[in-house]
Amino acid sequence: MALSTSQPVQNNVQSSPGTGWPRRTAPVKSSTCPSLNRHINLYPLSNYKFGTKEPLFEKDPSVPARFQRMRDEFEKIGMRRSVEGVLIVHKHGLPHVLLLQLGTTFFKLPGGELNPAEDEVEGLKRLLTETLGRQDGVQPEWTVEDTIGNWWRPNFEPPTYPYIPPHITKPKEHKRLFLVQLPDKGKVKY
């Protein structure tokens, strides 16, 4: 199954003067981005075999401990850089995003913190291999595609935003999300 975004976006909604409500007008074609004119291959979930690994747990025992660790690291190395991979399959014709389960109630995208000066794509491949790689020594080949999101943490607090708030000069974390193209078949250790 392939998702295609090659159709130009149609914008046929325009605000009415003074009311703020949209009214229909003639279709207007907007410009298209060349990177959107490609296919993303989605394969059935049944093409993959999922093994098990030792359970994954958070590094920190609590949220305050996590932010204290972030403060300590910020003083030493500056802004934390994180990457996460979005792995998509389909089941019953619908796309599904694969998530890691930590403990019994927490789910997250695979990825994590980068080492200082580590390349984002190479770091994501390393993190994917550490968390999802096979244990029989076969090195998986990860195909990291486009950046599909950027999230910023302005303070040592849980909220993140898809932008840097204007009053923030030194964000505490930058998290970049990448689309990861899965092979047509494979074995993954979750």
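This is a predicted model: local features need pLDDT of at least 70, side-chain atom pairs count only at pLDDT 80 or more; totals for chains, interfaces and linings use all residues.
Q: How many residues does helix α1 have?
A: Helix α1 reaches 21 Å from its first C-alpha to its last. That is close to the 21 Å expected at 1.5 Å a residue. The helix covers residues 63-77, and its count is 15.

Q: At the start of α1, which residue has a side-chain oxygen that reaches a backbone nitrogen?
A: The backbone nitrogen belongs to A65. The oxygen reaches to within 3.3 Å of that nitrogen. The oxygen is on the side chain of S62.

Q: Which residue follows α1?
A: The residue after α1 has a positive phi. Its value is near 90 degrees. The residue is G78.

Q: Why does the span of α2 agree with its number of residues?
A: α2 has 13 residues, so at 1.5 Å a residue it should span 18 Å. This agrees with the distance between its end C-alpha atoms, which is 17 Å.

Q: Where do the buried residues of α2 fall, seen down its axis?
A: The buried residues are E120, G123, L124, L127, L128, T131 and L132. Seen down the axis of α2, they fall within an arc of 135 degrees, so they line one face of the helix. An α-helix has 3.6 residues a turn, so residues three or four places apart point the same way. For α2, the buried residues therefore lie within an arc of 135 degrees.

Q: At the start of α2, which residue's backbone nitrogen does a side-chain oxygen reach?
A: The side-chain oxygen belongs to D119. It comes to within 3.2 Å of the nitrogen. That nitrogen is in V121.

Q: Which strand gives the most to the lining of the largest cavity?
A: The whole structure has one cavity of 30 Å³ or more. About 40 Å³ of space lies in the largest cavity. β4 and β12 each supply at least two residues of its lining. The most, three residues, comes from β12.

Q: How many charged residues are in the lining of the largest cavity?
A: The lining includes I40, N41 and Q181. By class, six residues of the lining are nonpolar and two are polar.

Q: How many charged residues line the largest pocket?
A: The largest pocket has a volume of about 910 Å³. Its lining has 32 residues, with K59, K108, G111, G112 and E113 nearest its centre. Of the lining, 12 residues are nonpolar and five are polar. The charged residues number 15.

Q: Which element gives the largest share of the lining of the largest pocket?
A: Several elements each supply at least two residues, among them α1, α2 and β12. The largest share is five residues. That share comes from β6.

How values were computed. Residues are numbered from 1 along each chain as its sequence is written. Side-chain values use heavy atoms; hydrogens and water are left out. Helices (H or I, at least four residues) and strands (E, at least two) are DSSP runs, numbered from the N terminus. The expected span of a helix is 1.5 Å times one less than its number of residues. A polar contact is a pair of N or O atoms within 3.5 Å; within protein, one must be able to donate a hydrogen and the other to accept it, and residues adjacent in sequence count only if both atoms are side-chain atoms. On a 1 Å grid over the protein atoms alone, a cavity is a set of points where a 1.4 Å probe fits but cannot get out, and a pocket is an open set with protein on both sides within 12 Å along at least five of seven lines; lining residues have an atom within 4 Å of a point. Grid points are joined across faces, edges and corners, and a volume is the space filled by probe spheres set on the points. Ala, Val, Leu, Ile, Met, Phe, Trp, Tyr, Cys and Pro count as nonpolar, Asp, Glu, Lys and Arg as charged, and the others, Gly among them, as polar. Buried means under 20% relative accessible area, exposed over 50%, partly exposed in between (1.4 Å probe, protein chains only). The arc is that of the directions from the helix axis to the C-beta atoms.
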